[in-house]
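Dear colleague,

Please find below the structure that I am handing over to you. The notes that follow it set out what was found.

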Amino acid sequence: MIQYRGIYKAFDIPVLTGIDLTVETGEMFALFGPSGTGKSVLLKTTLGLITPDRGDVEVDGISIFHGQKGALEAVRRKCGYVFQYAALFDSLNVYDNVVMGLPEQELARMSRAEIARKIWDAIEIVNLDPHEVIAKTPAELSGGMKKRVGIARAIVGRPEILLWDEPTTGLDPINTTAIERLIHRLSEELEVTSLLVTHDIEGGLEMCDRVGMLEGGLLRFIGTPEEFRSCPDPVVRAFVDRQAAEAALDMMSGTR
Ligand SMILES: Nc1ncnc2c1ncn2[C@@H]1O[C@H](COP(=O)(O)OP(=O)(O)O)[C@@H](O)[C@H]1O
Ligand SMILES: [Mg+2]
């Protein structure tokens, strides 16, 4: 469903130096890696938000960077993107934030009532009460609620693919578990292909079919959760240990 081929991208220094990865239809794939290694950059190439210097991304057979005119729009309609930090518009209420997830062509041909129905459904499906939140601005919501609104915006157009960029970062353990359950449920109910960037290794291993680890510009590991758990690569092991230590520290200081 998503195929990255030879993705190379440098800003001042090389970030991605040859990424080859195929995410199969219906699969849930988790991507791990230290911060600053290019996980968000890779996700953004999937929507053409960042153009690689070399290589191409194919989504459902459509080439994004070497394809025909209109390829990018076609791909964007297939994808829902859950941004890091929810990225809601502070001055807009929940309704208007979620409406941003619908493509303009679709908005143009739907009645106001149909649009309202879709927004309402998207808010309900992420376990929020539309009556309670629809008119609120992000400042009036808790961290977990904001993440849910960000997810509602990503799914409102009923995408075939969901790209999740650290959807649980900044949440406490209870909210992290709740959002991970939601990610898992939505991926099944909506029958989507999910690519999940996460710092929560245990959560990713539990819910995903395959996982990968990005390190030093390359995919250092791709395999099943079992293979990841028993992977002898010292770089992978050091990363896992460091993440566990950080999670423990965060929990003690109550930031997550
Ligand atoms: N638009 C950009 N312009 C310049 N540098 C960028 C841009 N986006 C990302 N980078 C750089 O690329 C590297 C990888 O960033 P990112 O993909 O955000 O890392 P992460 O793995 O934490 O998601 C970082 O060094 C970051 O500063
Ligand atoms: Mg990132």
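I begin with Gln84, which counts as partly exposed at 22% relative accessibility; here buried means under 20% relative accessible area, exposed means over 50%, and partly exposed lies in between, with a 1.4 Å probe and protein chains only. The model is a predicted one, in which local features need pLDDT of at least 70, side-chain atom pairs count only at pLDDT 80 or more, and totals for chains, interfaces and linings use all residues. Residues are numbered from 1 along each chain as its sequence is written, chains are lettered from A and ligands numbered from 1 in the order in which they are written, and side-chain values use heavy atoms, with hydrogens and water left out.

The metal site

Gln84 (OE1) and Ser40 (OG) coordinate the magnesium ion, ligand 2, at 2.1 to 2.7 Å. Donors are N, O and S atoms within 2.8 Å of the metal (3.2 Å for Na, K and Ca), and the site may look incomplete because water is not among the atoms. The two residues link distant parts of the chain, 44 residues apart: Ser40 belongs to helix α1, and Gln84 to the loop between β6 (79-82) and α3 (94-99). Helices (H or I, at least four residues) and strands (E, at least two) are DSSP runs, numbered from the N terminus.

Ligand 1

Ser40 also takes part in the surroundings of ligand 1, together with Phe11, Val15, Pro34, Ser35, Gly36, Thr37, Gly38, Lys39 and Val41; a residue is included if one of its heavy atoms lies within 4 Å of the ligand. Helix α1 (residues 39-45) supplies the largest share of this shell, three residues. By class, the shell holds four nonpolar, five polar and one charged residues, where Ala, Val, Leu, Ile, Met, Phe, Trp, Tyr, Cys and Pro count as nonpolar, Asp, Glu, Lys and Arg as charged, and the others, Gly among them, as polar.

Which residues place polar atoms close to oxygen atoms of ligand 1? A polar side-chain atom of Lys39 lies 2.8 Å from an oxygen atom of the ligand. For Ser40, an N or O atom in the side chain is 2.9 Å from a ligand oxygen, while for Thr37 a polar backbone atom is 3.2 Å from one. On its own, ligand 1 has 560 Å² of accessible area, of which the protein covers 56%.

Salt bridges

A salt bridge is taken as a side-chain nitrogen of Lys or Arg within 4 Å of a carboxyl oxygen of Asp or Glu; by this rule the count comes to 10. Side chains of opposite charge can pair when their charged atoms come close.

Lys78 and Asp60 form one such bridge, with their closest N and O atoms 2.9 Å apart. Lys78 lies in helix α2 (residues 71-78) and Asp60 in the loop between β4 (54-59) and β5 (62-63), so the bridge ties together parts that are 18 residues apart in sequence. Lys78 is buried at a relative accessible area of 16%, whereas Asp60 is partly exposed at 37%. Both residues belong to a network of salt bridges that also links Glu160.

Another bridge joins the side chains of Glu106 and Lys118 (3.4 Å, N to O). Glu106 is in helix α4 (residues 104-109) and Lys118 in helix α5 (residues 112-125), so this pair connects parts 12 residues apart in sequence. Glu106 is buried, with a relative accessible area of 14%, and Lys118 is partly exposed, with 27%.

Arg229 and Glu202 also form a salt bridge, their closest N and O atoms being 3.1 Å apart. This pair links distant parts of the chain, 27 residues apart, with Arg229 in helix α10 (residues 225-229) and Glu202 in helix α9 (residues 201-207). Arg229 is partly exposed at 42% relative accessibility, as is Glu202 at 43%.

Backbone and packing

Most residues other than glycine have a negative phi. Asp60, however, has a positive phi near 50 degrees. Glu191 likewise has a positive phi near 50 degrees; Glu191 sits in the loop between α8 (173-189) and β8 (193-197) and is exposed, with a relative accessible area of 69%.

Finally, Arg153 is found in helix α7 (residues 143-155) and is buried at 8% relative accessibility. Its C-alpha atom is 6.8 Å from that of Met100, 53 residues away along the chain.

With kind regards

Key
A polar contact is a pair of N or O atoms within 3.5 Å; within protein, one must be able to donate a hydrogen and the other to accept it, and residues adjacent in sequence count only if both atoms are side-chain atoms. Accessible areas come from the Shrake-Rupley method with a 1.4 Å probe; for residues, only the protein chains shown count as cover.
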